[in-house]
Amino acid sequence: MKGILSGTAESIGIGVATDNIVAKIYNNIVYDFITSSGGRGISARGNTYAYNNAVYNCRTGIYRSNGTIITKNNLSYNNIVDYSQTISASSTHNLSSDDTAPAYGTYYRNATVDFADAAN
């Protein structure tokens with residue numbers, strides 16, 4: 001999912017907008033959601049499970065607005081902030097290019113990855 005944005009409005013790639021829900025966000029590539037006032041790759045409320053996602057070049061990669069988010073096997077990379085707010089202790093195997101990957105289970109902070117053909 002690619003953000004093609006203009007202006008300054010807040011942008012969200014994948015968003016869960018209600019507290020009374022169980023949401024499952026699996027196997028996505030989300031990138032380029034960034035404006036001067038915001039931009040989130042994945043924004044979660046309620047009880048959200050985010051597994052096997054790659055979020056790249058957003059203002060905030062993975063964001064918990066309210067409720068609980070469990071993240072497993074996610075790559076949040078080259079965002080201004082890769083993971084924001086409190087992520088559940090049930091999370092594991094997450095990677096960030098900054099120092100925000102949730103420190104539970106196995107995790108990788110300040111990591112470097114190479115994308116094949118990153119320009120496309």
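Predicted model: local features only at pLDDT ≥ 70, side-chain atom pairs only at ≥ 80, totals over all residues.
Q: Hi, I'm new to this one. What is the relative accessibility of Asp 19?
A: Asp 19 has a relative accessibility of 33%, so it counts as partly exposed. Buried means under 20% relative accessible area, exposed means over 50%, and partly exposed lies in between (1.4 Å probe, protein chains only).

Q: OK, back to Asp 19. Which residue forms a salt bridge with Asp 19?
A: Arg 45 does, with the closest N and O atoms 2.9 Å apart. A salt bridge here is a side-chain nitrogen of Lys or Arg within 4 Å of a carboxyl oxygen of Asp or Glu. The pair links distant parts of the chain, 26 residues apart: Arg 45 is in the loop between β4 and β5, and Asp 19 in the loop between β1 and β2. Strands (E, at least two residues) and helices (H or I, at least four) are DSSP runs, numbered from the N terminus.

Q: How many salt bridges does the structure hold?
A: Two. The side chains of Asp 32 and Lys 2 also meet in a salt bridge, at 2.5 Å from N to O. Asp 32 lies in the loop between β3 (29-31) and β4, and Lys 2 in the segment before β1, so this pair ties together parts that are 30 residues apart in sequence. Asp 32 counts as buried, at 18% relative accessibility, whereas Lys 2 is partly exposed at 43%.

Q: Now the strands. In what order do the four strands of the open sheet come?
A: The order is β1-β4-β7-β10, with parallel pairing. Two strands pair if DSSP finds at least two bridges between them. β1 (12-15) and β10 (81-84) stand at the edges with a single partner strand each, so one side of each has no neighbour in the sheet.

Q: How many bridges join β1 and β4?
A: Three, in the parallel sense. Ile 14 has Ile 42 in β4 as its bridge partner.

Q: Is Ile 42 buried or exposed?
A: Ile 42 counts as buried, with 0% relative accessibility. Leaving out residues up to four places away in sequence, Ile 42 touches Ile 14, Ile 25, Asn 53, Val 55, Gly 61, Ile 62 and Tyr 63. Contact means heavy atoms within 4.5 Å.

Q: Last topic, Asp 98. Where is Asp 98 found?
A: Asp 98 is in the loop between β11 (94-96) and β12 (107-108). Not counting residues up to four places away in sequence, Asp 98 touches Ile 80, Val 81, Asp 82, Arg 109 and Asn 110.

Q: What lies 3.0 Å from a polar atom of the Asp 98 side chain?
A: The backbone nitrogen of Asp 82.

Technical notes
Residues numbered from 1 in each chain as written. Heavy atoms only, no water. Polar contact = N/O pair within 3.5 Å; in protein donor to acceptor, adjacent residues only side chain to side chain.
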